[in-house]
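Here are some notes for a colleague opening this entry for the first time. Please read them with the model on screen.

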Amino acid sequence: MDGDRPRPRIPVATYRLQFNKDFGFAAARDILPYLRRLGITDVYASPCFAARKGSGHGYDVVDHGSLNPELGSREDYLSYCSELQRLGMGQILDFVPNHMCIESPGNRLWQDVLENGRSSPYAYFFDIDWEPVKKELWGKVLLPFLGDQYGTVLERGELVLSFENGAFLIRYYDAVVPLEPTTWLQILKYRPEQLDTLLHRESPARLEFLSIITALQHLPPPTEQDPDHREERYREKEIIKRRLQDLCAQSPQIADFLGRNIAAFNGTVGTPDSFNLLDALLREQPYRLSFWRVATEEINYRRFFDINGLAAIRMEDAAVFRHTHELLFQLIRDRLVTGLRLDHLDGLYDPAAYLKRLQRGCFVQLRLAADGGSEEAELVARHGKEFDALLEEHPHYHPFYVVGEKILLEGERIPDDWLLTSTTGYDFAENLNGVFIDAAAARAFDRIYCRFVRRPLSFREVSYRTKKLVMQVAMSGEIITMGHHLSTICERDRATRDFTRASLTRALIEVIACFPVYRSYTSSTSVRETDSRYIEEAIDNARRKNPALSRAVFDFLRAILLLHFPPYATEADRSEWLHFVMKFQQITGPVMAKGVEDTAFYLYNRLVSLNEVGGMPERFGSGIESFHGENVARLSTSPHAMITTSTHDSKHGSDFRARIDALSEYPQQWQKALTRWNRMNQGRKPVVEGQQVPDRNEEYLLYQILLGAWPPEGDGCGEEFRGRVKGYLTKALREAKAHSSWISPNIAYEEALSRFVDLILTEREENPFLGEFRVLQRQIAHCGLFNALSQTLLKMTSPGVPDFYQGSELWELTLVDPDNRRQVDYGVRSEALERLVAREGEIGAAALVEELLASRHDGRLKLYLIHRVLSFRGEHRALFERGEYLPLETRGERGRHICAFARTCGGEWGIVAVPRLVSGLTPEPGSAPLGEGAWLDTAITLPANAPTRYRNVFTEETVEAEPREGEALLSAAKVFARGPVALLAQ
């Protein structure tokens, strides 16, 4: 069994593509030859299933059972897949298991819930609390989609009753909401006397109309739970719709009667009482339309973070799993999809159970494909049992390549019971980035930042406050629900019944605000040791911060989260406690994401290259030892992990961060520049409500954004660049929630900040800022270029599968989305690669690298490096997939400026060496690669059994080690003689 069991396809390198209506399957098919020539083996595709109309990313899925028609037809998709197969490439598909978009009429499941309430077969498909804290919402789902107060929207005539395809519905601009069929009676039975004037009492049309009314009166209610009665309701309501549609088509009198009734229900703007009919009709629905701000406190369905339009689904339910994975499994069985990326794993009720069910399903599909595609139940069951037996024998076995979006903080590891290849690589990006930050400058930057913003700032304290802020202004509804749940548990025990709901809720808020990781993973009555530590840490810190809050309340919350049941606890009690813990785990992640990633990261700006998804801004550089340690650990535990430097969720592009990393090497120049720039630009700051714009913290951020994103060619004074910067700053302001927010945008403040940007980025004599800015900018950009090349090579040669975000093969100085999701010009890239290959044939690699260094601002140097190294990696897969990882020591005065390691497998060797902290090695921005005499006596020590003669894969030069004091040393001056980075092979 072990010999022929399904095994995952392991990519050499992946390339992320962002599909949308402007870049669909046909466009992707056209660029596949270019990607393959570059060295990419697997496309890592954004979600392709049906999404909300006009979606720019695909995460707002409306139907897991069909492909997104905006990306092309099924034939287009199959053609794209056929080209992948022709080129020997795989497809890693991004899949969304946590939520669906509910703002689109294309979501038939949600529409069914709205039409049928709790009697809908999908009522428990979505994570809806049908008995929420607010009693008035029992049996209803809150729909917070209105742009203003419900009464105001109603009386403005924006809620429009309509009759379409035999059914009544409400239209609110693009939104469509069905009406529950039994409530149609209010419309059909309105003004019955008018019907008598239109039709004879015995006319067939009138009799049919009355028969429809009778049928509706006998229709089982939307609260019906009996399966037979629910089936009857579904059957009969559809028959009624057809009958009513046919009747209106055949009888102009009935159509006119309903049209006039509908007009009466729709009211007359300016006459408030005329909307009473529609109001009464809407009050009887199994939902409540409300102002979107109401969601903050009264939402009763779980959302994706705080986004009202994305409702969570109960993936823990077997029926939900089957429904959402049917098409996905078909694509896997047809071998069109060879790997998966899972979005927002932390949102799931039980991620480990989901991953096991997913891998089991993948195993069955792969076996069915091998059997010829038969789906007989007996065969499916047999393969399922085969998987269970394999898993019993090999607990970490997973047959399919699956990576999950999971942020690991310092010291955190993927839970042992997750059948997952790896995370999507945020942890690698954070660790790699730390290598290029000068940790010795940490105190200097603390001092510079705090002095400039004129107040002490601690990232930990900022995060604590912003997490509480998010729970107050965006997610208080979820917190209220959790507090109510906790209070209900308390009421059942006389030892705890006197804890008030207010004190319990406050303790809950404090513990969540102090939770050190995104979430814990308790799924049974046994709590993992690591989770226990996180819970204890959160409880202890919360109690210390709140000495006035009863210690007994915190002790009770600790007991529940650690599942320390009292001896008299019943099975029902234990089940209730565990359910609370698992719901608690689903909320800590969104609070962390919204409070830290989307708020604190825009408030704490000491060095913004640290403010990245998965990053830890309080840690100023991680060093070479940490980088090597993580690489060794990854090789041991997950050698095929996806490793990346940029994603579609990145706050800043990888090459932007490489520049700001270089800024860490210039603390004195940075401090002087800040002082002078602030003084120069002080008079240009607009004043809004007595406050200068920007404030000092925003100004500090702005200068870093300009340094990091300044165009490598051309100038930053152009309208396009200024527009990008202003767009970023508007988003940053709203995310920071200090002077503006998404909930309450301060347009005057935002416009003032945009004016400030225009003023300081306008070329004129009375603006000395630009001249001074460019001096430091050129230095930072020059050093950042070497950092970027070094990081690119390290990603391609470290243990794991290197991933490239679309377009990043040239310089990636992008800002947060939507800036980093702009369309990529693949024509430019493909043509550049073809010319590079041709030019290499003409003059050789070494001369070409010299040419590219001379024109390094266009990014072709990076493109060529990626092509050369990925091509080599594809030809030497074993060296990088299984090869041992050996950190190499450096000697000499500038040894700390090199990061080097060896990969070896089966007698084959590869040596990787890159420069770091290069400001002292390259004093002049025009020097290349690192200035004459940069390395002095610096050398890399080779292992005793390593070869001494190598070929530089990048430049094709030969480099030979020198014997010295019984060791073989590679001279850094020779290694970097003609190239800025080096991959040496035998």
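1. This is a predicted model. Its largest nonpolar core has 267 residues. Tyr-80, Phe-126, Leu-159 and Trp-670 have the most contacts inside this core. Helix α29 (residues 769-797) gives the most to the core, with 13 residues. In soluble globular proteins, nonpolar side chains tend to be buried together.

2. There is also a second, separate core, of 46 residues. Among its members are Ala-474, Ala-507, Leu-549 and Ile-560.

3. Which residues does Phe-126 touch, leaving aside its neighbours within four places in sequence? Its contacts are Met-100, Ile-102, Asn-107, Leu-109, Trp-110, Val-113, Ala-311, Ala-312, Ile-313 and Arg-314. Of these, Met-100 and Ala-311 are also bridge partners, Ala-311 being in strand β13.

4. Strand β13 (residues 307-312) has five of its six residues buried, so the rest of the structure largely encloses this strand. Strand β6 (residues 99-101) pairs with β13 in the antiparallel sense, over three bridges. Strand β12 (residues 303-304) also runs antiparallel to β13 and is joined to it by two bridges. Ala-311 is the bridge partner of Arg-303 as well as of Met-100.

5. The hairpin of β12 and β13 has two residues between the strands. Phe-305 in this hairpin takes a positive phi, near 55 degrees.

6. Tyr-80, listed above for its contacts in the core, is one of the buried residues of helix α2. This helix (residues 74-86) has 13 residues and reaches 18 Å from its first C-alpha to its last, close to the 18 Å expected at 1.5 Å a residue. Its buried residues are Tyr-77, Tyr-80, Cys-81, Glu-83 and Leu-84. They lie on the same side of α2, because they cover an arc of only 155 degrees around the axis. An α-helix has 3.6 residues a turn, so residues three or four places apart point the same way.

7. On the other side of α2, Glu-75 and Arg-86 are exposed. The buried residues of α2 pack against α1 (25-38), β2 (42-45), β4 (61-67), β5 (90-95) and α12 (318-333). Just after the helix, Gly-88 has a positive phi of about 70 degrees.

8. Helix α13 (residues 351-371) should span 30 Å, given its 21 residues at 1.5 Å a residue, and its end C-alpha atoms are 30 Å apart, which agrees. The helix is mostly covered, with 15 of its 21 residues buried. Gly-372 follows α13 and has a positive phi, near 105 degrees.

Definitions and conventions. Residues are numbered from 1 along each chain as its sequence is written. This is a predicted model: local features need pLDDT of at least 70, side-chain atom pairs count only at pLDDT 80 or more; totals for chains, interfaces and linings use all residues. Side-chain values use heavy atoms; hydrogens and water are left out. Helices (H or I, at least four residues) and strands (E, at least two) are DSSP runs, numbered from the N terminus. The expected span of a helix is 1.5 Å times one less than its number of residues. Buried means under 20% relative accessible area, exposed over 50%, partly exposed in between (1.4 Å probe, protein chains only). A nonpolar core is a set of buried Ala, Val, Leu, Ile, Met, Phe, Trp, Tyr and Cys residues joined through side-chain atoms within 4.5 Å. Contact means heavy atoms within 4.5 Å. Two strands pair if DSSP finds at least two bridges between them. The arc is that of the directions from the helix axis to the C-beta atoms.
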